[in-house]
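Please consult the sequence and the structure shown here alongside the text.

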Amino acid sequence: MSKKLRRLPLWKQHVFSVLFSIFCMSAATGVSALYFHIVPDNTANIVLAFILALMLVARYCVGYLYGIICSIVAVACVNYMFTYPYFRLNFTLTGYPITFIGMLAVTLFTSTMTSHLAMQADVIAQREKQLAEAEVEKMRANLLRAISHDLRTHLTGMIGNSSVFLENQSRLSESEKKEIVTNIYNDSNWLLNMVENLLTVTRIKGDNLSINTSSEPVEEVISEALQKLHKRYPSGEIRVHIPDEFILLPMDAILIEQVTINLLENALVHSGSQSPIDLTVEDHPHYVSFTVRDYGIGISESMLDNLFEGAAHAPSHTSDAHKGMGIGLSICKTIITAHHGTLTARNHGQGAEFIFTLPKKH
């Protein structure tokens with residue numbers, strides 16, 4: 001029985017089994033009658049039609065009972081309709097015990113094999129569910145660990161800078177005051193961005209990372225993301241390459257906007273380069289790919305494998321004040337996984353690039 005049928009209530013499974021058995025036996029009888037009318041001298045092949053019907057009954061019906069009953073019906077039909085003397089039951093003819101035993105054996109073997117396959121399918125499905133739940137739990141743990149670390153870091157920085165300003169403002173120069181206020185502004189802006197990311201994740205429902213999608217034009221989603229990014233980084237230069245063809249994709253537009261913003265911000269802040277960032281959209285037969293490419297210092301090879309697990313990945317040899325983009329990347333991974341897509345990172349020789357894909361059909 002198929003997985004879909006096993007989900008039905010037991011009484012519905014039995015109703016289906018009865019109707020399906022009647023259909024299979026009727027179809028086998030009809031095909032056999034037609035064949036017998038065309039080739040009356042070769043009745044051996046008629047048994048094959050009933051054997052096929054029995055295999056279908058054993059495959060799709062509940063338990064063994066329906067197959068056994070159909071085996072008896074099949075032998076009776078062959079005896080009554082297609083064996084001389086016609087339209088009379090005569091089980092004394094040579095070979096009928098063998099025919100019945102053969103049909104019954106086929107039915108039992110098929111039913112047993114189907115039961116084992118169903119059990120194996122259930123086991124595999126359960127393992128896949130456990131793996132999926134473990135992956136979700138891993139993402140959640142990494143995200144919470146990164147959030148707790150980076151919240152403490154930025155709040156400590158804000159408290160420290162504001163304390164220095166309040167206690168020493170009369171002795172600070174204007175440039176020192178500006179530096180302190182700028183640091184407070186950067187930390188608060190980071191916290192605001194993180195809250196936006198976390199609010200975005202709340203759109204993903206349940207442990208199975210389910211989302212509500214609708215067909216959205218790719219060009220509009222990218223345009224909206226660029227407008228929001230420009231408000232944060234007015235001097236950031238993004239070169240966009242989008243196919244001329246109109247592309248509609250099933251997605252949650254707000255979530256994909258956030259992914260695009262996070263990856264572009266990551267390139268602007270962490271690449272260490274003033275060169276423009278390339279955002280390239282490519283249309284493939286079964287999916288659409290989005291590539292964010294920078295021309296900076298690249299990503300340390302030791303960090304590539306764990307890049308999306310929530311750890312900050314700014315190079316340790318820089319004085320970059322922007323920490324915690326690991327949270328953004330972890331959220332990006334969660335969002336793309338919920339869309340049944342992929343997210344990868346790699347170095348391309350002149351910098352780093354992030355590529356995420358979205359399928360055209362879920």
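Phe20 has a relative accessibility of 18% and therefore counts as buried, where buried means under 20% relative accessible area, exposed means over 50%, and partly exposed covers the range in between (1.4 Å probe, protein chains only). The model is predicted: local features need pLDDT of at least 70, side-chain atom pairs count only at pLDDT 80 or more, and totals for chains, interfaces and linings use all residues. Residues are numbered from 1 along each chain as its sequence is written, and side-chain values use heavy atoms, with hydrogens and water left out.

**Aromatic pairs**

Phe290 and Phe356 have ring centres 4.6 Å apart and planes at 5 degrees, so this pair is stacked. Rings of Phe, Tyr and Trp (its six-membered ring) pair if their centres lie within 6.5 Å; planes under 30 degrees apart count as stacked, over 60 as edge-to-face and the rest as tilted. This pair joins distant parts of the chain, with Phe290 in strand β5 (residues 287–293) and Phe356 in strand β7 (residues 352–359), 66 residues apart. Helices (H or I, at least four residues) and strands (E, at least two) are DSSP runs, numbered from the N terminus.

By the ring criterion, the count is three aromatic pairs. The rings of Phe16 and Phe20 are stacked because their centres are 5.5 Å apart and their planes meet at 15 degrees. Both residues belong to helix α2 (residues 10–38) and are four residues apart, about one turn of the helix. In an α-helix there are 3.6 residues a turn, so residues three or four places apart point the same way. Ring pairs also bring Tyr60 into a cluster with Phe16 and Phe20.

| Residue | Relative accessibility | Class |
|---|---|---|
| Phe16 | 27% | partly exposed |
| Phe290 | 1% | buried |
| Phe356 | 1% | buried |
| Tyr80 | 35% | partly exposed |

The 29 residues of α2 should span 42 Å at 1.5 Å a residue, and its end C-alpha atoms are 42 Å apart, which agrees. The expected span of a helix is 1.5 Å times one less than its number of residues. Buried residues of α2 include Gln13, Ser17, Cys24, Met25 and Phe36.

Helix α4 (residues 65–82) contains Tyr80. This helix has 18 residues and reaches 25 Å from its first C-alpha to its last, close to the 26 Å expected. Among its buried residues are Tyr66, Cys70, Val75, Val78 and Phe82.

**Surface and loop features**

Tyr80, Tyr84, Tyr86, Phe87 and Leu89 make a nonpolar surface patch of about 590 Å². Such patches are made of residues with over 30% relative accessible area and no salt bridge, with nonpolar side chains (Val, Leu, Ile, Met, Phe, Trp, Tyr) joined within 5 Å and like charges within 9 Å. A salt bridge is a side-chain nitrogen of Lys or Arg within 4 Å of a carboxyl oxygen of Asp or Glu.

His340 lies in the loop between α10 (325–338) and β6 (342–347). Its phi is near 60 degrees, a positive value in a residue other than glycine. Most residues other than glycine have a negative phi. His340 is exposed, with a relative accessible area of 56%.

**The chain as a whole**

The chain has 10 helices and seven strands. Of its 362 residues, 38% count as buried. The accessible surface of the chain is about 20,500 Å², of which 61% belongs to carbon and sulfur atoms; accessible areas come from the Shrake-Rupley method with a 1.4 Å probe.
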